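Welcome! Here is a short briefing to read alongside the sequence and the 3D view. Take a look first, and then we can walk through it together.

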Amino acid sequence: MRIIHISAECYPVAKVGGLADVVGALPKYQNKVGANSSVIMPFYNNKFTRAKKFESIYHSKVKLGSHELNFDILKIEDSVLDFDIFFVHIEALLYTEEVYVDNDADRFLAFQIAALDWILTLKEKPNIIHCHDHHTGLTPFMVQECFKYKPLSSIPVVFTIHNAQYQGWMAYNNLYKLPMFNIENVGLLLWDGMINPLASAIKCAWRITTVSPSYMEELKYKANGLESLLMHEQSKAVGILNGIDADVWNPETDTYLIKNYKKSTVESGKKANKEWLCKQFNLDKSKPLFAFIGRLVGEKGADLLPNALDYALRANNISVLVLGSGFKETENRLFGLIPQYDGNYNAYIGYDEKLSHLIYAGADFLLMPSRVEPCGLNQMYSLRYGTVPIVRRIGGLKDTVVDIGDDGFGICHNDVSVQDIINAIHRATDFYNSQNEFKANRKKIMTIDHSWELSAQTYINLYKSIN
Ligand code: ADP
């Protein structure tokens, strides 16, 4: 079975968040179960692309209305990835340092048209086109409706919602930029009077998936305006929990760590990584270390962290380390706490892949007070590294973390509030102080299996059901 994933992000090429981790792992695990799975993504001007050599395997022009742009399809020379990856190179639009900039509507429309133009030329067409998030949300419509893609229209298109908050809205007057289609069907592109790529994908894809079962249910009641649409289309929708790439996220082999460890050596391994972190960030290594890693945005509940941490640091004997970037005000407030709690608190404002691995390894607890969490990968990474997740019961967090009070292994809270975060930290500190129980739990959580094998197979079964 030939599968082409179309995505704006893919680890290790370009990563902003969990989308990249998923698209960088799912094809690899699909190939392990006998599929021929590949990825097509934009060619950005970033560290990864600057360090590699590429060859052009196709050249043509992409049209946005009457505006024509040159594009190439590139392949990496000597790729070491476990799946084929192709790049749409449109110098004028896509070749940016950042994945997301300000004219994303045009950028990702051109990307999708160029990708489909190239797929049209393939002798061996894919059996499945799998699109991810709103950046590729117009593809299901174009495959089904645009005259020039008629030869592709029998290929089932699957669309995964990684995050329904962002929908890629475009003003109606951008319609002319799409390849020709029967205008009577324009409604398939629209929601509330705008072109809405996410809504269009929900209408046109053969199957919709979300990245956890709970998120699928939650979207029927809270989907940034698309609730009724999701309710209406629920018969073709299913939630499939993401996995983690257990090769990349493995404390036994992770090259970013100061000391590697496995279940039997977790105590000494975590100690060495914690000591390194505490030294680097001027933290007290004798105290339980709480960490937060992620985008500093409302979805992650990051705006509540400054007040919650301020109180928790005064009330408990703890250390805290934050890694993230996002809203300036939250960044400033989290950074501003450093002098007040010098020696017990620090924050690294920015993105640092290596540091994130070291924190998963060295922290005792990982905070995830999310308002919205379609799946969440951090909690699964933290489990694998023996770090206890503290999560709000929402979306994928609800599907993957069970509270210690319910014979589980994590700390869960119901609300996104300063008080709930404080209470959770308080419970975690008590748990940490019961060292025997705490240490036994560390070993237990490291064995929880969230690897991709099962989910990759579930996707293949879904593809087979529509082929
Ligand atoms: P989302 O995609 O909503 O941001 P996920 O939990 O699905 O959230 O994935 C987040 C991914 O991004 C994880 O791999 C996490 O480690 C990583 N990440 C987030 N912020 C940072 C950061 N500042 N530095 C390093 N890695 C980060």
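Let us begin with a charge and a ring: R107 lies over the face of F108, at 5.3 Å from the ring centre. Please keep in mind that this is a predicted model. From here, the tour moves to the sheet, the helices, the aromatic rings and the nonpolar cores.

**Charges over rings**
- Besides R107 over F108, there is K52, whose charged end sits over the ring of F48, 4.6 Å from its centre.

**The sheet**
- Nine strands make up an open sheet with mixed pairing, in the order β3-β4-β5-β2-β1-β6-β7-β10-β11.
- Its edge strands are β3 (54–64) and β11 (237–239), and each of them pairs on one side only.
- From one strand to the next, the twist averages 25°.
- Strand β1 (residues 2–6) pairs with strand β6 (residues 128–132) in the parallel sense, over four bridges; here C131 in β6 is the bridge partner of I6.

**A look at strand β5**
- How many of the six residues of β5 are buried? Five of them are, which leaves this strand (residues 84–89) mostly covered.
- With β2, strand β5 pairs in the parallel sense over five bridges, and M41 stands opposite F87 in β5.
- With β4, strand β5 pairs in the antiparallel sense over four bridges, and H89 in β5 is the bridge partner of D72.

**Helices across the sheet**
- Helix α1 (residues 18–32) lies across β1, β2 (36–42) and β6, and runs at about 155° to β2.
- Helix α5 (residues 197–204) lies across β7 (157–161) and β10 (207–210), and runs at about 135° to β7.
- Buried or exposed, what is Q30? Its relative accessibility is 0%, so Q30 counts as buried, the limit being under 20%.
- Leaving out residues up to four places away in sequence, Q30 touches I3, H5, A35, S37, A456, Y459, I460 and Y463.

**Aromatic rings**
- The count of aromatic pairs comes to 18.
- Take Y58 and F71: their ring centres are 6.0 Å apart and their planes stand at 55°, so this pair is tilted.
- Because Y58 lies in strand β3 and F71 in strand β4 (residues 67–76), the pair ties together parts that are 13 residues apart in sequence.
- Y58 is partly exposed, with a relative accessible area of 22%, whereas F71 counts as buried at 0% relative accessibility.
- One aromatic cluster is formed by F290, F365, F431, Y432 and F438.

**Nonpolar cores**
- The largest nonpolar core has 80 residues, and the members that touch the most others are I40, V88, I90, M142 and I161.
- Which helix gives this core its largest share? That is helix α3 (residues 104–121), with ten residues.
- Apart from this core lies another one, of 69 residues, including L283, L323, L383 and F409.
- I90, from the largest core, is in contact with V62, L69, N70, F71, Y95, A110, F111 and A114, leaving aside neighbours within four places in sequence.

Conventions
Residues numbered from 1 in each chain as written. Predicted model: local features only at pLDDT ≥ 70, side-chain atom pairs only at ≥ 80, totals over all residues. Heavy atoms only, no water. Pairing = 2+ DSSP bridges. Helix = DSSP H or I, 4+ residues; strand = E, 2+ residues; numbered from the N terminus. Axes fitted to C-alpha atoms, helices over the stretch in contact; angles between N-to-C directions. Contact = heavy atoms within 4.5 Å. Phe/Tyr/Trp six-rings, centres within 6.5 Å; stacked < 30°, edge-to-face > 60°. Buried < 20%, exposed > 50% of the residue type's maximum accessible area, 1.4 Å probe, protein only. Lys NZ or Arg CZ within 6 Å of the ring centre and 35° of its normal. Core = buried A, V, L, I, M, F, W, Y, C linked by side-chain atoms within 4.5 Å.
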